[in-house]
Structures are given as C-alpha cells and as structure tokens.
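Hi everyone, thanks for making the time. I'd like to walk you through one structure this morning, so please have a look at it with me.

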Amino acid sequence: MKEQNTLIKIDVKAGHLTYGQRIELGDLFASEKSDTEKFNETFRIMHDITPDFSNPEEMKIYSQYYKEIIDGLVFWFEKEKHLLDYQPEPEEIRAGIKELSAKTGYYGTIKAIAKNYAKDPDEILQWKYGKIFGILYSDLEELKYSKRLRKQYEKK
C-alpha cells in the first residue's frame, strides 16, 4: 500500500464517512459493476487512492478494511430501512410525493438540510453521515408527531 503510512481508516459503522461518500457508496453497491470495480471504486471514494494488487500484504490490509467498510454500510442500510422508513399518506401519494422523490433524489434531502441550517449544499455533502442520519431521524420523528397531533385536533 503506497500510502499505508498516511492512510487513516474511516470508521464507517461509527458514521465517520461523509454524506457525499455515503451517497456515492450506496450508488456504487447498487450498480452492476464487477466486484473488482466496486473494490477499487470504494477506495477512490473513501481515500482517493487505488489499491496495489501486486503486493499481497497490502492487498490483505485493503481486503480487511474493505470488509469493515462493507460491514459499516450494511449497518447503516439496516438502520435506514428500519428507522428512516416513511410511508406517505394517501393525500401525499395523490399529490405526487413518489414522483417528487424520484425527480429530486438525494438532492432533495441535501437541499432541505442546507436550507434548514443556512449552508451551501456542497457543505452538507462534507458532513459526517452519523450527523446527517441523526438529523433525518429526528426530522422524521417530529413529522410523525406533528401528524399525530394534527389528527388529534381533527377528531375534536
């Protein structure tokens, strides 16, 4: 590993990767790229380096780190699936929330966070993913609470 001495592992499971890295890695692993391409691209995304396949010791280190990255991503994918799951209400579906989501993708989330925190969207991509997840989770729980409260008032 040419840059072994300078390569500092990013603890993905602890949420220390950036939101931009989380987006890129999510897209990468959802793609049809080969395992080798995914391996190389992961290190480009995480450290802007390409592993040296000619050195078995370095490949052992990279392979272990790659497994840690994958395990961390799986951890976050599961958390997202369970804690960030939002089922739109019929009115939202009729109004086109699925189309809006399909058209704006990640950028809708980036824009909303940037707007709420008065930041440039590019800055949001540099925030740690653990922070972004916390914001998304708390926003979702606040939305659910507001909807429950609204329904309580509608009943009266």
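Let's start with K147 and E92, which form a salt bridge whose closest N and O atoms are 3.0 Å apart. Please keep in mind that this is a predicted model. The pair ties together distant parts of the chain, with K147 in helix α7 and E92 in helix α4, 55 residues apart. Buried or exposed, where does K147 fall? K147 counts as buried, at 12% relative accessibility, whereas E92 is partly exposed at 22%. Both belong to a network of salt bridges that also links E89, R150, K151 and E154.

Another bridge involves E141 and K144, with 3.3 Å between the closest N and O atoms. These two sit three residues apart in α7, about one turn of the helix.

Now, what does α7 pack against? The axes of α3 and α7 come within 11 Å and cross at roughly 10°, so the two helices are roughly parallel. On the α3 side we have W76, K79, E80 and L83, and they meet Y129, G130, F133, Y137 and L140 of α7. By class, that contact has six nonpolar, one polar and two charged residues.

Finally, the core. The largest nonpolar core has 29 residues, and I69 is among those touching the most other members. The largest share, seven residues, comes from α3. Beyond its sequence neighbours within four places, I69 is in contact with V12, L25, T42, F43 and M46.

Thanks, and I'm happy to take questions.

Conventions
Residues are numbered from 1 along each chain as its sequence is written. This is a predicted model: local features need pLDDT of at least 70, side-chain atom pairs count only at pLDDT 80 or more; totals for chains, interfaces and linings use all residues. Side-chain values use heavy atoms; hydrogens and water are left out. Axes are lines fitted to C-alpha atoms, for helices over the stretch in contact, and angles run from 0 to 180 degrees between N-to-C directions. Helices (H or I, at least four residues) and strands (E, at least two) are DSSP runs, numbered from the N terminus. Angles under 35 degrees count as roughly parallel, over 145 as roughly antiparallel, 65 to 115 as roughly perpendicular and the rest as oblique. Contact means heavy atoms within 4.5 Å. Ala, Val, Leu, Ile, Met, Phe, Trp, Tyr, Cys and Pro count as nonpolar, Asp, Glu, Lys and Arg as charged, and the others, Gly among them, as polar. A nonpolar core is a set of buried Ala, Val, Leu, Ile, Met, Phe, Trp, Tyr and Cys residues joined through side-chain atoms within 4.5 Å. Buried means under 20% relative accessible area, exposed over 50%, partly exposed in between (1.4 Å probe, protein chains only). A salt bridge is a side-chain nitrogen of Lys or Arg within 4 Å of a carboxyl oxygen of Asp or Glu.
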